[in-house]
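This report describes selected features of one protein model. Look at the sequence and the structure first, then read on.

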Amino acid sequence: LEFRRVLFRSPTSISARGNDIYLLDVGLRRIFRYDRAQQTLTPFTSVTPDIEMSVYAAPDLSVYVTDPAHNQVLHFAWDSTPLPSLSSPGNLARPIAVTVDEGSGQVLVADGLYDRIIAFSSLGRPLSVIKPQRVHAIAAMAQGPDGIFVVDRIARQVVVVGRDGTYRYAFGAGSLDGPNTIVVSRGNLVFVGDNFDQHIKVYRGGKLVATVGGLGAAPGRFNGISGLAVDAGLLYVADSLNARVQIMLITPQALDTGKGG
């Protein structure tokens, strides 16, 4: 499945939570919300996004938008009402990814300049600075059952660390060439977008179990994997240069055979 291509120009970030899908399109200079049940697409805020911004829909249905140009993370209620932004002078210089620890409710923000993670309270107060062990350069981040999954663009691998930054394990070295985005399912399936070969690499327990895609414009092919989201058994892919979003069903049979699903 895919959203109608005529609606988009350059989608660069996506997040899904229940019926709500949030999409950042730098070509149209808008952030949209798509209601999957009603099949309606509407502007979400008046914020004009740029190429470095990303969007994250939180478990409480609020929405975070990274704003690297202003060293902050914007925060909105479900109805798009602005909430206090997240900032930490001296610690947060280039926010590139946001996730929420559902156990503690803390908001984790990855900084792409200092290559560390800032933990905030649910009210936006800075709590601690986490330095992920054995990570050289953070390109993306996601939360999963095993911990915090950090994409290291220099080592070209994913490093999993605990809430205190302690190293747990790493994977992807040798199978990843240009990783730039990541998402983790509740079942601990890890999807990594690789813009070198335009594939989504799927891992379970640190082992590669499937690859999806390849360069092209046909369904299931990509040209610029710029954002991933997973929710309710569906994988959402912001396919930037193809000016579309693809929605893919996650099938256990395909993963078990090592093929795309």
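## A buried asparagine

Asn188 is buried, with a relative accessible area of 13%. The model is a predicted one. Asn188 belongs to the loop between strand E17 (179–184) and strand E18 (189–194).

Which residues does Asn188 touch, not counting those up to four places away in sequence? They are Gly144, Pro145, Asp146, Phe149, Tyr169, Tyr203 and Arg204. Some of these names return in an aromatic cluster: ring pairs join Phe149, Tyr169, Phe171 and Tyr203.

## Aromatic pairs

A pair of aromatic rings is described by the distance of the centres and the angle of the planes. How many aromatic pairs does the structure hold? There are six. One of them is formed by Phe8 and Phe32, with 6.4 Å from centre to centre and 65° between the planes, an edge-to-face arrangement. This pair links distant parts of the chain, 24 residues apart: Phe8 lies in the segment before strand E1 (11–17), and Phe32 in strand E3 (residues 30–35). Phe8 has a relative accessible area of 4% and is buried. Phe32, at 9%, is buried too.

Tyr22 and Phe44 also form a pair, with ring centres 5.1 Å apart. Why is the pair of Tyr22 and Phe44 called edge-to-face? Their planes stand at 75°, and an angle over 60 degrees counts as edge-to-face. Tyr22 is in strand E2 (residues 20–25) and Phe44 in strand E4 (residues 40–45), so this pair as well links distant parts of the chain, 22 residues apart. Tyr22 is buried, with a relative accessible area of 1%, and Phe44 is buried with 6%.

## Arginines over rings

Two arginines lie over ring faces. Arg33 is placed over the face of Trp78, 4.1 Å from the ring centre. Arg134 is placed over the face of Tyr167, 3.9 Å from the ring centre.

## Two open sheets

Strands of a sheet pair through backbone hydrogen bonds, either parallel or antiparallel. Within it, E3 and E4 pair in the antiparallel sense over five bridges. Ile31 has Thr45, in E4, as its bridge partner.

Another open sheet of four strands runs in the order E13-E14-E15-E16, again with antiparallel pairing. Strand E13 (138–144) and strand E16 (167–171) each have a single partner strand, so one side of each is left without a neighbour in the sheet. The twist averages 20° from one strand to the next. Six bridges join E13 and strand E14 (residues 147–152) in the antiparallel sense. Ala140 stands opposite Val151 in E14.

## Nonpolar cores

In soluble globular proteins, nonpolar side chains tend to be buried together. In this model the largest nonpolar core has 15 residues. The members that touch the most others are Phe191, Ile200, Val202, Phe222, Leu228, Leu235 and Val237. Two or more residues of this core come from each of E18, strand E19 (199–204), strand E20 (207–213), strand E21 (225–231) and strand E22 (234–239).

Another core lies apart from it and has 14 residues, among them Ile96, Leu108, Ala119 and Ile148.

Notes:
Residues numbered from 1 in each chain as written. Predicted model: local features only at pLDDT ≥ 70, side-chain atom pairs only at ≥ 80, totals over all residues. Heavy atoms only, no water. Phe/Tyr/Trp six-rings, centres within 6.5 Å; stacked < 30°, edge-to-face > 60°. Buried < 20%, exposed > 50% of the residue type's maximum accessible area, 1.4 Å probe, protein only. Lys NZ or Arg CZ within 6 Å of the ring centre and 35° of its normal. Contact = heavy atoms within 4.5 Å. Pairing = 2+ DSSP bridges. Axes fitted to C-alpha atoms, helices over the stretch in contact; angles between N-to-C directions. Core = buried A, V, L, I, M, F, W, Y, C linked by side-chain atoms within 4.5 Å.
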